[in-house]
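Hello,

Here is the structure I promised to pass on. Please look it over, then read the notes below.

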Amino acid sequence: MSKILVVDDEPAISDAVSYALREAGYDVDAVGDGAEALERARRQKYDLMVLDLLLPGVPGIEVCNTLRAERSDLPIVMLTARDAELDRVHGLDSGADDYVTKPFSVAELVSRVRSHLRRRELDRSRSGNVATVGGLQLDVARHSATIDGKPVLLTRSELRLLALLASEPGRPFTREQLIRRLWESDFVGDRRAIDVHVSNLRRKIEQEPRKPKRLVTVRGIGYKLVAS
């Protein structure tokens, strides 16, 4: 049974999300502030975190940054306000995998959680499946990536996005294709999430992120990965 940590200081939201996830068959813990979230995540092994960005004490962004520095493969789904686009961008920049905006459908959130956990198990089962595109090498099962032999720290969603592009080097993928292939959910994130993930990836895998040679924009379509 997958174990999930719900982090939200609004009892009504925390209770509703926790109840829905338990009904979906997950083991759920809930806390109401960022400091306790960090303590729990360090003390116990969770399979996914649902994280509100507006928390008392330690903000959600800081929680995300800290966990990414300590354990890069923990899937994190953020909860953000509908009109807080900057917060969503900052959250993804900090290493969150996905976001759901408030007010949200509980069914949508459960679907997103289920999708991330399903993809995580699939990634773990891909033993020996290593993709190489030019100097970039990806091993999804071991959650590792190297550029010209040097390790690169990627979040699970970043690694998954690169692995999908690497499955057909040179082929342009639209943002909609990337979203649907990555999330595999009836409820999918918006196109902006893909753009932020791509921007973060370029900072990690390109020598000049503003002039990318590996992860290239195809004008009017989307993105492709090429050997470099």
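Is A227 buried or exposed? Keep in mind that this is a predicted model. A227 has a relative accessible area of 57%. The cut-off for exposed is over 50%, so A227 counts as exposed.

Where does A227 sit? A227 lies in the segment that follows β12 (222-225). Leaving aside neighbours within four places in sequence, A227 touches V133 and G134. R214 is 13 residues away from A227 in sequence, and their C-alpha atoms are 6.2 Å apart.

V133 leads on to a sheet. V133 stands opposite L136 in β7. The sheet is open and has four strands, in the order β6-β7-β8-β9. Their pairing is antiparallel. β6 (130-133) and β9 (150-151) are at the edges. Each has a single partner strand, so one side of each lacks a neighbour in the sheet. In general, strands of a sheet pair through backbone hydrogen bonds. Here, β6 and β7 (residues 136-139) are joined by four bridges.

A helix goes with this sheet. Helix α6 (residues 156-166) lies across β6, β7 and β8 (144-147). Helix α6 runs at about 115 degrees to β7.

Now for a residue elsewhere. S18 belongs to helix α1 (residues 11-23). Its relative accessibility is 3%. Buried means under 20%, so S18 counts as buried. Apart from neighbours within four places in sequence, S18 is in contact with V6, V28 and A30.

In short, A227 is exposed, whereas S18 is buried.

Best wishes

Methods:
Residues are numbered from 1 along each chain as its sequence is written. This is a predicted model: local features need pLDDT of at least 70, side-chain atom pairs count only at pLDDT 80 or more; totals for chains, interfaces and linings use all residues. Side-chain values use heavy atoms; hydrogens and water are left out. Two strands pair if DSSP finds at least two bridges between them. Helices (H or I, at least four residues) and strands (E, at least two) are DSSP runs, numbered from the N terminus. Contact means heavy atoms within 4.5 Å. Axes are lines fitted to C-alpha atoms, for helices over the stretch in contact, and angles run from 0 to 180 degrees between N-to-C directions. Buried means under 20% relative accessible area, exposed over 50%, partly exposed in between (1.4 Å probe, protein chains only).
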